Each structure stands twice: as structure tokens, then as C-alpha cells.
Amino acid sequence: MPMYDRYFQNFNNKIPLSEEEQELIKKYLTLKKLRKKQYLLQEGDVCKCVAFVEKGALRSYKVNEDGSEHIVQFALEGQFLTDLYSFLTNEPSIYNIDAIEESELVLITRSASDELRKQSPKYQEFIFQATSAAYIELERRMTSVISLSLEERYKELTAYHPDIIQRLPQHMIAGYMGLTPETLSRVRKRISIHK
């Protein structure tokens, strides 16, 4: 699939664009390839862009003092990833973003996004919808963490994100759920017993 295809497919599914509008937006985008384990963002740096995954997989995570990783978010094909707080405030990030797999990304910087929002009402609406969807996902995840059992949280994860469960390593799924791999293994075993 040629670069930008998935990006504009995603865009057009929400807000149809003319060829001219698509060409205008394309002028503000850049392409980037990441090798597996290569950083897009490192803790302490200011997040300068929003990434859209054309191909591959990314993760956003924090490393604790004991070396354990807490994964905040995954992004597979067709999804966006950034540290929105750092991106909007220009403050150093407390997160790392790196590639789980070889990845091809479409990036837009803060200044490019600001300029494009002035020129394109459709882009402005697309950003509003994408930001709203990200907020809803964050809220769902917070509600899940504070109100569901581990088994219910794992079932919800498999229901909403089956691709993550099938594609990513178990230790990363455990890090996303805030568990050790051993605890995740016990949770999965309990679920399979009660099926």
C-alpha cells in the first residue's frame, strides 16, 4: 500500500476530501520509517509531532525507577499516537514512543497542523474528531481501571482491541494492563477455566 493511502482512507471515512484538499494536506505531512525498537520520542524531549501509523506498530510508555515499563498506549495501522500533553504545552515528555515492529509513519508537526487548521475547515474538523476519539478512549480506559476486575479488564481489552491481543507480545500486554506477565498469565487461565 503506497504511503499516505491509509492516512487518507482514514480521513475520507470521517470527512470526504476532494483531490485538491488532499493535495493541500499532503504538503504539510512528512513520512518517516522506524526500525524495530527505534524511538520516535524519548523521555525528556518535547514531542514535536503527531504520528499516524501507515504500517507497523508503536507504543507509548514510561520506565519506572525499577526498570519496569508501564505502557500507556499502542498504535497499530490506521491509528494515531503522540504525547498530546507535551505536543500542546511544549513541555518535556515523561514518555517514550518507539516502534514495536518496522513501521512507516505519516507525521505532522505542531506548526504545520496549526497552519493547516487555518487553511482547511475539513482538517480542523478531522482534528476535532480525532482528539475527541482519543479522549473517549482514555476515559473508557480510566473507567475500566477503577471499576472492573482484572478478568473484566482483560475481556474488555480483547473485545475492543483483538488485534493487540493477537499481535503483540504478552509482556507488553501485561505492561499495558499494569500487571506482571505472571499475573496476566493467571488472569488468562482463570478466564479460560470459566468459559
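1. Axes here are lines fitted to C-alpha atoms, for helices over the stretch in contact, and angles run from 0 to 180 degrees between N-to-C directions. Helices (H or I, at least four residues) and strands (E, at least two) are DSSP runs, numbered from the N terminus. The model is predicted: local features need pLDDT of at least 70, side-chain atom pairs count only at pLDDT 80 or more, and totals for chains, interfaces and linings use all residues. Residues are numbered from 1 along each chain as its sequence is written, and side-chain values use heavy atoms, with hydrogens and water left out.

2. Helix H6 (residues 150-160) packs with helix H9 (residues 181-193) at about 85°, their axes 10 Å apart. The two are therefore roughly perpendicular (65 to 115 degrees). In contact terms (heavy atoms within 4.5 Å), H6 brings Leu-150, Glu-151, Tyr-154 and Lys-155 against Thr-183, Leu-184, Val-187, Arg-188, Arg-190 and Ile-191 of H9. By class, that gives five nonpolar, one polar and four charged residues. Ala, Val, Leu, Ile, Met, Phe, Trp, Tyr, Cys and Pro count as nonpolar, Asp, Glu, Lys and Arg as charged, and the others, Gly among them, as polar.

3. Helix H1 (residues 5-14) meets helix H5 (residues 121-147) at about 90°, with axes 10 Å apart. That makes H1 roughly perpendicular to H5. Tyr-7, Asn-10, Phe-11 and Lys-14 of H1 touch Lys-122, Tyr-123, Phe-126 and Gln-129 of H5. The class count is four nonpolar, two polar and two charged.

4. Now the cores. A nonpolar core is a set of buried Ala, Val, Leu, Ile, Met, Phe, Trp, Tyr and Cys residues joined through side-chain atoms within 4.5 Å; buried means under 20% relative accessible area (1.4 Å probe, protein chains only). The largest has 31 residues, and Tyr-7, Phe-11, Ile-25, Leu-29, Leu-58 and Ile-108 touch the most other members. Strand E3 (49-55) is among the elements supplying at least two residues. E3 gives the largest share, five residues. Another core, of 20 residues, lies apart and includes Leu-76, Ala-174, Tyr-176 and Leu-184.

5. The open four-stranded sheet runs E2-E7-E4-E5, with antiparallel pairing (strands pair if DSSP finds at least two bridges between them). E2 (39-41) and E5 (69-76) are the edges, each with a single partner strand, so one side of each lacks a neighbour in the sheet. Neighbouring strands are turned by 25° on average, direction ignored. Helix H8 (residues 170-177) packs on the sheet, touching E4 and E5, and its direction makes about 110° with that of E5.

Note on methods. Angles under 35 degrees count as roughly parallel, over 145 as roughly antiparallel, 65 to 115 as roughly perpendicular and the rest as oblique. Buried means under 20% relative accessible area, exposed over 50%, partly exposed in between (1.4 Å probe, protein chains only).
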